[in-house]
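I opened the notebook with the structure beside it. Here is what I looked up, entry by entry.

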Amino acid sequence: MTSQTITADAAGTWKLGDLPVHRIGFGAMRLTGSAAFHLGTPSDREQSIVVLRKAVELGVNHIDTAAFYFSSLRSANEIINSALAPYTDDLVIATKVGPFRDYSGEWGTWARPDQLRSHVEENLRQLGRDHLDMVYLRRSQQRWDSIAEHFGALAELREAGLIRHLGISGVEPRHLAEAQAIAPVVSVQNKYGLHEFDPGTEELLRICGEQGIAFVPFFAIAGKGAEHGPSGDEADEADEVDAIARAHGATPAQVRLAWTLQQGPHVLAIPGTGNPDHLVENVAAGALRLTAEEIARLDALHRGGE
């Protein structure tokens, strides 16, 4: 692959509601440091700004962020605002509400429904916007069996004009139905990747495809390393991915992204990085077309996590 010449339109497009986006987007979590939140070394702010501007230059028009994406020195939303404002009309910025971190970086109690407006307003303030294109309700799996009250609060903010479109994150199929009874859901964001098989998430992937809802995996590259970044995978998985990568002159990360995108036209990718070279490689993965035989081999690995 010749990554330098490939832009985000190679991955094709999908609509988040009425907002068209390229299927390769950008996740802002790693803008703040070598690992997410307070887990790594804070990033070089100027390089993070370079990465964002390069992403837009390469055609990326879907950025995923959150007010709780910050390290001891850096805020993802502040960096996005500094790098990209005033925003172009075609740039879609998605954010998440529900989780809360205090100023020291410690996780606090998840938001009550009546607190979600303050979460939305904090994202508006940090990003310098008068409305949010896309807001996900990130479910607390430990505390929320039902999301109806929380999602209803966001639906009211949508009616008030503070939010354009709504999504849900960290959910099961029943939560999608629950939310849809309240307001339109245009996107579902769950942990998903080659490294992990979860029957509920597989069912969501299928339902979203049938209903024309975007499915946006996170940690598709990081795998089991999650917030800490990519980690060593099981040897047989790594060997298989490496072999396919060599056949295409690609990187293992590109193969993982390509496999993710080939799960359906409604599947979007939001790989994150603070490295300009990795950004170019991630965007180029949208042009990588795996063969049916390669997909079958990777699918078998994926199902091996059952």
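What covers the buried residues of α6? I found that the cover includes α5, β8 (187-189), β9 (214-215) and α10 (292-303). Buried means under 20% relative accessible area, with a 1.4 Å probe and protein chains only. Helices are DSSP runs of H or I with at least four residues, and strands are runs of E with at least two, numbered from the N terminus.

Before going on, I noted that this is a predicted model, where local features need pLDDT of at least 70, side-chain atom pairs count only at pLDDT 80 or more, and totals for chains, interfaces and linings use all residues. Residues are numbered from 1 along each chain as its sequence is written, and side-chain values use heavy atoms, leaving out hydrogens and water.

**Entry: helix α6**
I listed the buried residues in α6: T201, E202, L204, L205, I207 and C208. Next I checked the span of α6 (residues 199-211). The expected span is 1.5 Å times one less than the number of residues. For 13 residues that should be 18 Å, and the end C-alpha atoms are 18 Å apart, so the two agree. Just after α6, G212 takes a positive phi of about 75 degrees.

**Entry: H175**
I then moved to helix α5 (residues 173-180), where H175 lies. H175 is buried, with a relative accessible area of 0%. Which residues does H175 touch, not counting those up to four places away in sequence? They are R139, W144, D145, I147 and I168. Touching here is contact, meaning heavy atoms within 4.5 Å.

Conventions. Buried means under 20% relative accessible area, exposed over 50%, partly exposed in between (1.4 Å probe, protein chains only).
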